[in-house]
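Thanks for coming. Please have a look at the sequence and the structure, and then I will talk through a few parts of the fold.

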Amino acid sequence: MKQTEREILILTCEHASNKLPAAFKSAVPAEVLKTHRAYDIGAAQVFRKLVKFAKPEFYCEGKYSRLFVDLNRTITNKSAFSEYYEQLDKATASKVKAQATAYWSEYRAAIEKFVDSALKPKTRAAKSEPEIVHLGIHSFTPELNGKVRNTDIGILYDPSRPQECELAQVIKDEIKRLYPAMKVRFNYPYKGTSDGLTTTLRKKFGSRYVGIEIEINQKFFL
Ligand SMILES: [Zn+2]
């Protein structure tokens, strides 16, 4: 008989901050830092409320802008580093990139270390294996390239993974129960399988890792 699996909740917010480290400050105009290019407007507020409410066993949030380095991209993905690196001379750019890479690695390593140890069997007699449920909290700009996005909340997951399909549906139903007028869409405005933190963790930890990203329309915060 299959035992009920213990679910271990983790919450993360990669694009929480629009801060820049001192070495990168001169590269980005101050007005850009106020925009969705620099961070997920409103995501940190929602994330911190969820942390208080849901008391996850592990949580973390980015402390620098994604223009410094995008924590939700593989470090070898060209888009991990923004075009603002071109504002620096070559030597400075490579020094700052090294600093950004170290920061990225530290962030990713902390999450992977927790998941790895949480999934290790504590005793040989353990009848059920725990499962990680990871919610990544993000937000998206209400208008991109002149097109208005008329979705309120997007739920991103990998449609080939049954547990993620199931959990995405549960989250959607719960949002609709609480807020019937909310427009909720699956895998919008991005695909859950694009390069990102959840995609990396799925590959690394397999079916005992369940990763969902919640994308909230920034119109609620602007
Ligand atoms: Zn984001």
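What covers the buried residues of α3? The cover includes β1, β2, β3, α5 and β8. This is a predicted model, so please keep that in mind throughout. The buried residues themselves are Val96, Ala100, Trp104, Tyr107, Ile111 and Val115. As a reminder, an α-helix has 3.6 residues a turn, so residues three or four places apart point the same way. Helix α3 runs from residue 90 to 119, which is 30 residues. From its first C-alpha to its last it reaches 43 Å, close to the 44 Å expected at 1.5 Å a residue.

Now the sheet. It is open, has 6 strands and mixed pairing, and the order is β2-β1-β3-β8-β6-β7. From one strand to the next, the twist averages 20°.

Strands of a sheet pair through backbone hydrogen bonds, either parallel or antiparallel. Take β6, residues 153–156: β6 and β7 run parallel and are joined by 3 bridges. Ile153 has Val184 in β7 as its bridge partner.

Helix α2, residues 43–54, lies across β1, β2, β3 and β8, and runs at about 155° to β1. Helix α5, residues 197–205, packs on the sheet and touches β1, β3 and β8. The direction of α5 makes about 175° with that of β8.

Technical notes: Residues are numbered from 1 along each chain as its sequence is written. This is a predicted model: local features need pLDDT of at least 70, side-chain atom pairs count only at pLDDT 80 or more; totals for chains, interfaces and linings use all residues. Two strands pair if DSSP finds at least two bridges between them. Helices (H or I, at least four residues) and strands (E, at least two) are DSSP runs, numbered from the N terminus. Axes are lines fitted to C-alpha atoms, for helices over the stretch in contact, and angles run from 0 to 180 degrees between N-to-C directions. Two residues are in contact if their C-beta atoms, placed from the backbone, lie within 7 Å. The expected span of a helix is 1.5 Å times one less than its number of residues. A residue is buried if 20 or more other C-beta atoms lie within 10 Å of its own, exposed if 12 or fewer, and partly exposed in between; C-beta atoms are placed from the backbone.
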